[in-house]
Amino acid sequence: MKKTLTCIICPNGCSLDVEYDEESVAVSGNLCQRGEEYAKEEIRDPHRTVSSSVRLLNGDLEIVSVRLSKPVPKAMIFPVMEEIRKARVEAPVRIGDVIIPDVLSTGADVIATRNAERG
């Protein structure tokens, strides 16, 4: 099979031509090694990071922004988002606070990306 990807790892934005089958992945068009690694992962086991927000209880804001501490398998995005949607956190919150540890056993924590005070 053939696929064309745009590498998102560095500012070059290389257009990657990828040929793959069950056993191998061949990449061309990359200007650095990271592009080849990106393409192989994207074909075999794509991961994504998630940014969202969580409801804040007794805070000066209604919500606090969050993100994952590391990317999760692409297939887990919607289940992870559902867990984030259900979460509530009590103020105060500090950047880096773990809101949901090891969300859905992915190895990624949902962490706060904004400070919020008690309201």
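Helix α1 supplies 4 residues to the lining of the largest pocket, the largest share of any element. Keep in mind that this is a predicted model, where local features need pLDDT of at least 70, side-chain atom pairs count only at pLDDT 80 or more, and totals for chains, interfaces and linings use all residues. Residues are numbered from 1 along each chain as its sequence is written, and side-chain values use heavy atoms, with hydrogens and water left out. Helices (H or I, at least four residues) and strands (E, at least two) are DSSP runs, numbered from the N terminus.

**The largest pocket**

- The volume comes out at about 150 Å³, taken as the space filled by probe spheres set on grid points that are joined across faces, edges and corners.
- A pocket here is an open set of points on a 1 Å grid over the protein atoms alone, where a 1.4 Å probe fits, with protein on both sides within 12 Å along at least five of seven lines; lining residues have an atom within 4 Å of a point.
- The lining is made of I8, I9, E37, Y38, E41, E42, H47 and R48.
- Two elements give two or more residues to that lining: α1 (33-44) and β4 (47-48).
- E42 sits in helix α1 and is buried, at a relative accessible area of 16%.
- For accessibility, buried means under 20% relative accessible area, exposed over 50%, and partly exposed in between (1.4 Å probe, protein chains only).
- Not counting residues up to four places away in sequence, E42 touches L5 and R48, with contact meaning heavy atoms within 4.5 Å.

**The five-stranded sheet**

- Five strands make an open sheet in the order β8-β5-β6-β10-β9, with mixed pairing.
- β8 (88-90) and β9 are the edge strands, each with a single partner, so one side of each has no neighbour in the sheet.
- On average, neighbouring strands of this sheet are turned by 45 degrees against each other, direction ignored.
- Axes are lines fitted to C-alpha atoms, for helices over the stretch in contact, and angles run from 0 to 180 degrees between N-to-C directions.
- β5 and β8 pair in the parallel sense over 3 bridges, where pairing requires that DSSP finds at least two bridges between the strands.
- Across that pairing, L56 stands opposite V89, and L57 has E90 as its bridge partner.
- β5 and β6 are antiparallel, over 5 bridges, and R55 stands opposite I63 in β6.
- Helix α2 lies across β5, β6, β8, β9 and β10, and runs at about 20 degrees to β5.

**Nonpolar cores**

- A nonpolar core is a set of buried Ala, Val, Leu, Ile, Met, Phe, Trp, Tyr and Cys residues joined through side-chain atoms within 4.5 Å.
- The largest one has 20 residues, and V54, L68, I84, V93, I99 and V110 touch the most other members.
- At least two residues of this core come from each of β5 (51-57), β6 (63-68), α2 (77-86), β9 (98-100) and β10 (110-112).
- β6 gives the most, with 3 residues.
- Apart from that core lies another, of 11 residues, including L5, V18, Y20 and A39.
- Leaving aside neighbours within four places in sequence, V93 is in contact with L56, V64, I99, A112, R114, N115 and A116.

- Strand β2 (residues 15-20) runs antiparallel to β3, and 4 bridges join the two.
- β3 (residues 25-28) has V25 and V27 on its covered face, with A26 and S28 on the uncovered one.

- Most residues other than glycine have a negative phi, and most peptide bonds are trans.
- N58, in the loop between β5 and β6, has a positive phi near 55 degrees; the hairpin there has 5 residues between its strands.
- L104, in the loop between β9 and β10, also has a positive phi, near 50 degrees, and is partly exposed at 38%.
- T106 is found in the loop between β9 and β10, and counts as buried at 18% relative accessibility.
- Beyond four places in sequence, T106 is in contact with K70, V72, M76 and V80.
- A91 and P92 are joined by a cis peptide bond, with omega about 0 degrees, and P92 is in the loop between β8 and β9.
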